[in-house]
Amino acid sequence: MSDDTQDAVSGDQPGEDLRFPFEQAELFEPPPQWGRLRGTCPVARAELPTGDRAWLVTRYEDVRSVLNDPRLSRAAATRPDAPRLGPARPEPDSIMAMDPPDHTRLRRLLAPAFTGRRAELLRPRIERTAEHLLDHMAELGPPADLVEHLTRPLPIITICELLGVPDRDRESFKEWTDAALTLAPHAAGAVTGARQRLADYLRHLIAEKQQTPGDDLLGSLIAARDEDRLRPAELVTVAATLITAGYHTVANSLANSVLALLRHPDQLEPLRGGGQFPAEAVEELLRWTPGPVSGGTIRIATEELKIGTTVVRPGEAVIPSTASANRDQAAFPDADRLDLTREGARHIAFGHGIHRCLGAPLARVELQVAFSALLRRFPGLRLAVAEEELTWGTGMIRGVSALPVAW
């Protein structure tokens with residue numbers, strides 16, 4: 001397809017209007033547009049909820065290339081005139097909206113708290129938290145909403161303990177992050193307000209911790225600010241980003257993965273009542289289950305470049321869809337099939353390149369602990385409602401809103 005033809009096409013077929021994000025009609029079934037685009041128009045222009053336009057990148061190898069290309073800038077997406085996906089712009093002081101050298105500086109500062117070794121040291125604490133939550137669920141008896149009793153509280157307790165946030169404030173974080181991640185076109189005020197409330201709270205907590213320093217991540221970040229390794233505005237935004245990413249992504253991944261397991265009893269049966277949940281099964285669930293609606297963070301081209309045969313010009317937006325890439329048959333044979341024994345799958349649910357998710361080792365431990373504890377404690381776990389009654393949230397990170405279960 002020539003560049004002129006590519007510019008004239010706004011969908012996977014000439015004359016079709018491509019609007020993004022795509023609607024997902026069935027649980028776990030990827031929108032059909034992804035497969036069509038990978039086959040016929042792997043880099044396609046689409047209209048976003050804001051009215052802006054972006055290039056959608058859909059094939060696995062192209063997505064990996066985009067995620068690793070320094071000519072595609074996250075920082076440029078914070079500019080007032082930049083195309084945007086959601087109602088509010090990314091915050092310039094967020095590590096998720098930075099390019100090197102600022103991104104490199106912050107990542108080096110945070111990386112020691114999120115190594116695989118550090119995550120394993122936290123495993124016993126996460127196991128105790130999971131057992132406590134399941135004890136409470138067992139006391140209440142079936143049916144119980146697993147989202148309310150396990151998949152939401154486990155990651156928010158974990159990230160709040162890591163940061164040093166008091167127990168009493170956890171529920172507020174849930175409300176603020178839910179609001180901050182909406183994609184509703186006219187919700188800019190709600191998003192900005194939620195971000196502001198979270199920032200105000202963190203400023204207050206930081207002031208408290210300056211008086212009584214603690215042995216936690218927020219204390220380490222305060223020390224880094226005092227040593228001029230972290231700008232004051234960055235301190236608040238980094239803490240807010242860690243809370244949002246550490247809670248929302250893991251909570252939805254947990255809920256979606258449990259539902260996926262219950263929908264595949266033939267694969268789940270050997271794991272019921274057993275020991276540690278297999279690591280390869282965690283990786284397959286990460287690949288197969290829904291994640292961010294967009295599948296990737298918007299980037300802006302800083303110079304002309306090619307993705308495949310498509311020319312992207314300076315100032316144009318690119319969205320690399322990890323959601324599509326993880327279902328690419330060229331990278332994963334029989335990609336639409338969940339296979340808990342799949343080996344060697346190089347999924348990119350956590351991204352790729354310099355922006356690969358810092359919290360990936362911690363998220364993996366949380367998922368493994370939660371699945372192990374749940375299936376050991378409730379080997380007869382099953383859905384308590386018809387699958388058709390389940391609903392999905394409408395935020396930037398797709399997840400089942402409630403998951404009633406019995407045992």
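In this briefing, a residue counts as buried when its relative accessible area is under 20%, as exposed when it is over 50%, and as partly exposed in between (1.4 Å probe, protein chains only). Asp 334, with a relative accessible area of 42%, is therefore partly exposed. The model is predicted, so local features need pLDDT of at least 70 and side-chain atom pairs count only at pLDDT 80 or more, while totals for chains, interfaces and linings use all residues. Residues are numbered from 1 along each chain as its sequence is written, and side-chain values use heavy atoms, with hydrogens and water left out.

- You'll find His 347 in the loop between α14 (322–325) and α15 (360–377).
- His 347 is buried, because its relative accessibility is 11%.
- Its side chain makes a polar contact with the side chain of Glu 283, at 2.6 Å. A polar contact is a pair of N or O atoms within 3.5 Å; within protein, one must be able to donate a hydrogen and the other to accept it, and residues adjacent in sequence count only if both atoms are side-chain atoms.
- A polar atom of the His 347 side chain also lies 3.1 Å from the backbone nitrogen of Ala 349.
- Contact means heavy atoms within 4.5 Å. Setting aside neighbours within four places in sequence, His 347 is in contact with Glu 283, Leu 286, Arg 287, Asn 326, Phe 332 and Arg 364.

**Helices α13 and α15**

- Two packed helices are described by the angle between their axes and the distance between the axes. Axes are lines fitted to C-alpha atoms, for helices over the stretch in contact, and angles run from 0 to 180 degrees between N-to-C directions.
- Helix α13 (residues 279–288) packs against α15 at about 110°, and their axes are 10 Å apart.
- That makes α13 roughly perpendicular to α15. Here's the scale: angles under 35 degrees count as roughly parallel, over 145 as roughly antiparallel, 65 to 115 as roughly perpendicular and the rest as oblique.
- On the α13 side, Ala 279, Val 282, Glu 283, Leu 285 and Leu 286 meet Arg 364, Leu 367, Gln 368 and Phe 371 of α15.
- Sorted by class, the residues in this contact of α13 with α15 are six nonpolar, one polar and two charged. Ala, Val, Leu, Ile, Met, Phe, Trp, Tyr, Cys and Pro count as nonpolar, Asp, Glu, Lys and Arg as charged, and the others, Gly among them, as polar.

**Helices α5 and α7**

- Helix α5 (residues 116–140) and helix α7 (residues 153–163) pack at about 135°, with 10 Å between their axes.
- That angle makes α5 oblique to α7.
- Arg 118, Leu 122, Arg 125, Ile 126, Thr 129, Ala 130 and Leu 133 from α5 meet Pro 153, Leu 154, Ile 157, Thr 158, Glu 161 and Leu 162 from α7.
- By class, the contact of α5 with α7 has eight nonpolar, two polar and three charged residues.

- Most residues other than glycine have a negative phi, and most peptide bonds are trans.
- The peptide bond from Pro 100 to Pro 101 is cis, with omega near 10°. Pro 101 sits in the loop between β3 (72–73) and α4.
- Pro 142 and Pro 143 are also joined by a cis peptide bond, with omega about -5°. Look for Pro 143 in the loop between α5 and β4 (144–145).
- Asp 228 isn't a glycine, yet it has a positive phi of about 65°. This residue is in the loop between α10 (217–226) and α11 (232–262), and it counts as exposed at 71% relative accessibility.
- Asp 334 isn't a glycine either, and its phi is positive, about 55°. Asp 334 lies in the loop between α14 and α15.

- Ala 82 is in the loop between β3 and α4, and it counts as buried at 5% relative accessibility.
- Although Ala 82 and Arg 299 are 217 residues apart in sequence, their C-alpha atoms are 9.5 Å apart in space.
- Not counting residues up to four places away in sequence, Ala 82 touches Asp 52, Ala 76, Ala 77, Arg 89 and Ile 300.
- Arg 108 belongs to helix α4 (residues 102–110) and is exposed, with a relative accessible area of 67%.

Terms used. Helix = DSSP H or I, 4+ residues; strand = E, 2+ residues; numbered from the N terminus.
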